[in-house]
Amino acid sequence: MRPAEPADTAALAALAAATFPLACPPSLGADAVAAFVATHLDEASFARYLTDPQRLLHVAADEVTGALLGYTMVVLDSPRPGLEEGAGSAELSKCYVRPDVHGSGLARRLLAACTAAAGARGAETMWLGTNVANRRARRFYERSGFTVVGRRTFDVGGVPNDDVVLSTPITVG
């Protein structure tokens, strides 16, 4: 686990393009997914994210090859849907690992690293949205201490999707 670096930009975009579709419901068309990836998960987007002081990106890399296996992105001072104030609230915007490492504990370690980093920057709570059909992600987050606090609509390539919103307090120890 380590903070992402500018040299990771291309690898992050490739990893995001490979993993984002896995979280989308089967009913969502490939064109909408491709449009979202091209607009929000391309190299230029990651280059911007890496220079944004309100975003924390962490990566996990293979110890032998250096290939990225997973990543997280946290947005600091991001208000949870339905709340107006964002101070002290961090959004877990992205948490993805390659399918060949699902179940290895890597996602849990990435989540712990980004939560600790957000807590060190003053975040008191972390929230996220995940598609209502993504049961695997929801089980993972609930096992990690998140609870359902609401719903939101999330646009993927011009197509509105229903998300469940989960939140957890951050304890700095």
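Select C114 to begin: this residue is buried, with a relative accessible area of 0%. Buried here means under 20% relative accessible area, exposed means over 50%, and partly exposed is in between, with a 1.4 Å probe and protein chains only. The model is predicted, and local features need pLDDT of at least 70, side-chain atom pairs count only at pLDDT 80 or more, while totals for chains, interfaces and linings use all residues. Residues are numbered from 1 along each chain as its sequence is written, and side-chain values use heavy atoms, with hydrogens and water left out.

**The cysteines**

A disulfide is a covalent bond between the sulfur atoms of two cysteines. The test applied here is a pair of cysteine sulfur atoms within 2.5 Å. Searching the whole structure gives zero disulfides. C24 counts as buried, at 15% relative accessibility. Go back to C114, which is in no disulfide either: the nearest cysteine sulfur, in C95, is 6.3 Å away.

**The sheet**

Next, show the strands. Helices (H or I, at least four residues) and strands (E, at least two) are DSSP runs, numbered from the N terminus. Strands of a sheet pair through backbone hydrogen bonds, either parallel or antiparallel. Two strands count as paired if DSSP finds at least two bridges between them. Seven strands form an open sheet with mixed pairing, in the order β1-β2-β3-β4-β5-β7-β6. Its edge strands are β1 (2-3) and β6, each of which pairs on one side only.

Walk across the sheet from β1. β1 and β2 run antiparallel and are joined by two bridges; select P3 and its bridge partner H58 in β2. Further on, β3 and β4 are antiparallel, with six bridges, and M73 has K94 in β4 as its bridge partner. β4 pairs with β5 (residues 125-131) in the parallel sense over three bridges. Select E91 to find W127 of β5 opposite.

R152 has D163 in β7 as its bridge partner. The hairpin of β6 and β7 has two residues between the strands, and G157 there takes a positive phi near 60°.

**Helices over the sheet**

Select α3 (residues 43-51), which lies across β2 and β3 and runs at about 115° to β2. α4 lies across β2, β3, β4 and β5, at about 150° to β2. For these angles, axes are lines fitted to C-alpha atoms, for helices over the stretch in contact, and angles run from 0 to 180 degrees between N-to-C directions. Contact means heavy atoms within 4.5 Å.

Now show β4, α4 (residues 106-120) and β5 together: they make a right-handed β-α-β unit. Right-handed means that, with the strands pointing away from the viewer, the path from the first strand over the helix to the second runs clockwise.

**The nonpolar cores**

Stay with β4, where eight of nine residues are buried. Select L92: beyond its neighbours within four places in sequence, L92 is in contact with T72, M73, V74, L111, C114, M126, W127, L128 and Y141.

A nonpolar core is a set of buried Ala, Val, Leu, Ile, Met, Phe, Trp, Tyr and Cys residues joined through side-chain atoms within 4.5 Å. The largest one has 26 residues, and V74, L92, A118, M126 and Y141 have the most contacts inside it. At least two residues of this core come from each of β2, β3, β4, α4, β5, α5 (135-143) and β7. α4 gives the largest share, six residues. Another core of 23 residues lies apart from this one; V33, L41, V59 and V156 are among its members.

**Two loop residues**

Select A67, in the loop between β2 (55-61) and β3. A67 is partly exposed, with a relative accessible area of 31%. Setting aside neighbours within four places in sequence, A67 is in contact with A60, A61, D62 and R98. A13 is 54 residues from A67 in sequence, and the C-alpha to C-alpha distance is 13 Å.

The last stop is D77, in the loop between β3 (68-75) and β4 (89-97). Most residues other than glycine have a negative phi. D77 is not a glycine, yet has a positive phi of about 50°. D77 counts as partly exposed, at 46% relative accessibility.
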